[in-house]
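Student: Hi! Could we go through this structure together?
Tutor: Happy to, let's have a look.

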Amino acid sequence: MTNYMNTIIITGGSKGIGKALAEKYATENYKVYSLSRSIVDLQNVTQISVDLSNLQETTKTFTMLFEEILKEEVSSITLINNAGRLGTISTLENIDAEDIAKTMQLNTTTPLVLSSLFIKLSEDIKDKRQIINISSGAAQSPYEGWSIYCTSKAAIDMMTKTIAAEQNDKENGVKCVSMYPGVVDTNMQTHIRNTDKTDFKNLDRFIELKETNQLFTTKFVAETIFKVDIENTLNSGDIVDIRNF
């Protein structure tokens with residue numbers, strides 16, 4: 001009897017939401033691959049060290065990974081575009097060109113490149129193929145000091161809709177959705193709270209969320225994303241906030 005494997009690839013699986021997702025899917029008997037620079041203590045997860053801001057390295061690594069995956073009988077395959085960075089928190093005129101480029105590359109260009117490769121390389125898989133993009137409410141709300149982050153996440157949402165439009169009429173096209181995880185207790189939040197108020201006017205709100213225990217845990221976020229995934233009630237192109245589930 002052939003063992004068909006549910007397979008998932010997570011970018012930025014070494015910390016924060018990505019790590020919690022890797023742990024959750026691994027406990028549900030998925031074959032989990034994590035792509036990130038750091039290798040950390042994760043059970044039953046195949047970790048691949050790659051600099052996701054280096055497109056050449058990322059493309060080569062992802063293509064080689066797919067060659068390995070396709071040697072197995074795959075019953076479903078999912079890419080979670082999770083890796084990202086906030087970049088310098090300041091008004092746009094105070095952010096240097098290199099930091100702008102680095103944030104846009106990791107948050108937007110890399111997910112576009114990986115999604116392109118994923119669609120192409122998985123075309124012979126006859127079962128469920130999907131892309132889950134970890135976006136942010138910042139895609140819809142302009143935060144002063146986060147111009148690059150907000151822009152990059154708005155681009156991710158449009159990428160989600162466009163991939164869905166392109167794939168909808170195809171036989172076994174790739175399903176693509178965006179999820180907003182809410183405000184989560186991660187290193188990114190620590191970074192935000194340590195910002196100078198002159199660079200980030202919303203600082204007090206984020207400090208208050210921490211002090212009043214209103215931040216989601218990464219475990220809660222991962223469990224909710226998994227639940228939404230397996231319930232399969234979303235349509236391709238949907239952009240959802242996990243707080244609504």
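**Loops and a helix pair**

Tutor: This is a predicted model. Let's begin with Asn-172, which counts as partly exposed because its relative accessibility is 28%, between the 20% and 50% cut-offs.

Student: Where is the place of Asn-172?

Tutor: Asn-172 sits in the loop between H4 and strand S6 (175–180). Its phi is positive, about 50°, although the residue is not a glycine.

Student: And Asn-213, what's its phi near?

Tutor: Phi of Asn-213 is near 55°, again a positive value in a residue other than glycine. You'll find Asn-213 in the loop between helix H6 (203–211) and helix H7 (218–231).

Student: Is Asn-213 buried or exposed?

Tutor: Exposed: the relative accessible area of Asn-213 is 70%.

Student: Switching to helices, at what angle do H3 and H4 pack?

Tutor: Helix H3 (residues 97–121) and helix H4 (residues 147–167) pack at about 15°, and their axes are 9 Å apart. H3 is therefore roughly parallel to H4, as the angle is under 35 degrees.

Student: Left-handed or right-handed crossing?

Tutor: H3 passes H4 in a right-handed crossing.

Student: How many of the contact residues are nonpolar, polar or charged?

Tutor: The contact of H3 with H4 has eleven nonpolar residues, seven polar and no charged.

Key: Residues are numbered from 1 along each chain as its sequence is written. This is a predicted model: local features need pLDDT of at least 70, side-chain atom pairs count only at pLDDT 80 or more; totals for chains, interfaces and linings use all residues. Side-chain values use heavy atoms; hydrogens and water are left out. Axes are lines fitted to C-alpha atoms, for helices over the stretch in contact, and angles run from 0 to 180 degrees between N-to-C directions. Helices (H or I, at least four residues) and strands (E, at least two) are DSSP runs, numbered from the N terminus. Angles under 35 degrees count as roughly parallel, over 145 as roughly antiparallel, 65 to 115 as roughly perpendicular and the rest as oblique. A crossing is left-handed if the near helix is turned anticlockwise from the far one by less than a right angle, and right-handed if clockwise. Ala, Val, Leu, Ile, Met, Phe, Trp, Tyr, Cys and Pro count as nonpolar, Asp, Glu, Lys and Arg as charged, and the others, Gly among them, as polar. Buried means under 20% relative accessible area, exposed over 50%, partly exposed in between (1.4 Å probe, protein chains only).
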